[in-house]
Amino acid sequence: MTATTPYSGETVPAPEGFVWGAATAAHQIEGQNVNTSHWEYEYSENTTVQEPSGDAVDSYHRYPEDISLLAEGGLKAYRFSIEWARIEPEKGVVSRAQLDHYRRMIDTCRDAGVEPIVTLHHFTVPRWQGRDGGWYATDVVDRFRRYTETATAILDDVEWVVTINEPNMMVNQDEAKIDTENGVNFPGPSPHVAQVIAAAHHASVDVLRGLGHVKAGWSVANQVFQAVPGFEKERDDWGYWREDYYLEQARDDDFIGVQSYLRTIIGADGPVPFPDDVERTLTGWEYYPEALGHALRHTRDVTGGIPMMVTENGMATADDARRIDYTTGALQGLAAAVADGCDVRGYLHWSLLDNYEWGSFRPTFGLIAVDRESFVRTPKPSLAWLGDLAQRNVLPAP
Ligand code: BGC
């Protein structure tokens, strides 16, 4: 690791009480998440993954170290997900021990002065739910409501809860793939499943609201659809079931999670491939830090201005200096959006750790590197760089 140079450019104050942190998801970091249908898929004969998740980065056992490193790096919040497949290993069977495990994670955050931000569902379903059809199962709304009720047992003092991560990226889960050429993550939307997921989300929010102290919302993948001039209608049609529907569904929520990485340019027949000479990240996406500012404004416009939390933003790169550049650009866009009246409550970088990027460990998004043999963690300069902004509560000036 090389020494970190704090951000020396001009800064503006971040909003008061701004939440600074980093995010992860259970399946991508825990390891041995054997009861999810994703695990089953990774080890099936017809899998398309490049490599299975295996031990991932063993955060299931090493979370105390991960939370300490986050806090020592200067960050103040940790967004992580709890795993439905561990908590409800068979339909209707609740594991107290696994609930206790996640409660210990919340306690560990609290002891370290770190705000826990809990995601109930981050892409993975239990095997039994997968066999029943995943989000196509007839009783999935009820199952998700009951799972939320089960989770409330450990949410006593948790203020921020994300019900479902990127519902818009799951609509065609069976065929989901990342089309790196076009930056589009799924082949086509299903309005039926979108409505089912929205119903599950609303049911979950109702349960969480019953606790009295929780701010509940979901996190939507913002793809920053931009029109080739003259194709604005095509852009809007393309984006509705892929994004705007999910933003509309958040209008009565306590907040919305904004997740931003890239833009997608829409022409007559959908996404237009990027020219060969654009800089690309390790996921094949265009390097476009401006995306976050656009995502915040668009979310504000479609939701009518409910509070926003950036629940994911980051870059897959082996060059940590480039990660810092990307994050600088993204935070400048955030600062400009705030100046323009956007109500932004926090920024959670994706990701705290290098992790399992849904098929491969190669795209490294982490503020902390992990040796995949020894699981030794090594903070990258970007961690302390971001932590310094957090400690000063300032944003790079636009
Ligand atoms: C997901 C993460 C993923 C990240 C980078 C988001 O779509 O929520 O699980 O690792 O983007 O691809």
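Predicted model: local features only at pLDDT ≥ 70, side-chain atom pairs only at ≥ 80, totals over all residues.
Local features need pLDDT of at least 70 and side-chain atom pairs count only at pLDDT 80 or more, while totals for chains, interfaces and linings use all residues. Residues are numbered from 1 along each chain as its sequence is written, and side-chain values use heavy atoms, with hydrogens and water left out.

**Helix α8**
- Helix α8 (residues 191-209) has 19 residues and spans 27 Å from first to last C-alpha, close to the 27 Å expected at 1.5 Å a residue.
- Its buried residues (under 20% relative accessible area, 1.4 Å probe, protein chains only) include V193, I197, H201 and L208.
- The buried residues of α8 pack (heavy atoms within 4.5 Å) against β4, α7, β5, β6 and α9.

**Helices α3 and α5**
- The axes of α3 (residues 59-72) and α5 (residues 96-111) come within 9 Å and cross at roughly 10°.
- That makes α3 roughly parallel to α5 (angles under 35 degrees).
- Y60, Y63, P64 and I67 in α3 meet residues of α5, among them H101, R104 and M105.

**Salt bridges**
- The structure holds 29 salt bridges (a side-chain nitrogen of Lys or Arg within 4 Å of a carboxyl oxygen of Asp or Glu).
- D157 and R103 pair at 3.0 Å, N to O. They link the loop between α7 and β5 to helix α5, 54 residues apart.
- R103 is buried at 18% relative accessible area.
- R103, D107, R110, E115 and D157 are linked in a salt-bridge network.
- E149 and R145 pair at 2.8 Å, N to O. They sit four residues apart in helix α7, so about one helical turn separates them.

Technical notes. Helix = DSSP H or I, 4+ residues; strand = E, 2+ residues; numbered from the N terminus. Expected span 1.5 Å × (residues − 1). Buried < 20%, exposed > 50% of the residue type's maximum accessible area, 1.4 Å probe, protein only. Axes fitted to C-alpha atoms, helices over the stretch in contact; angles between N-to-C directions. Parallel < 35°, antiparallel > 145°, perpendicular 65-115°, else oblique.
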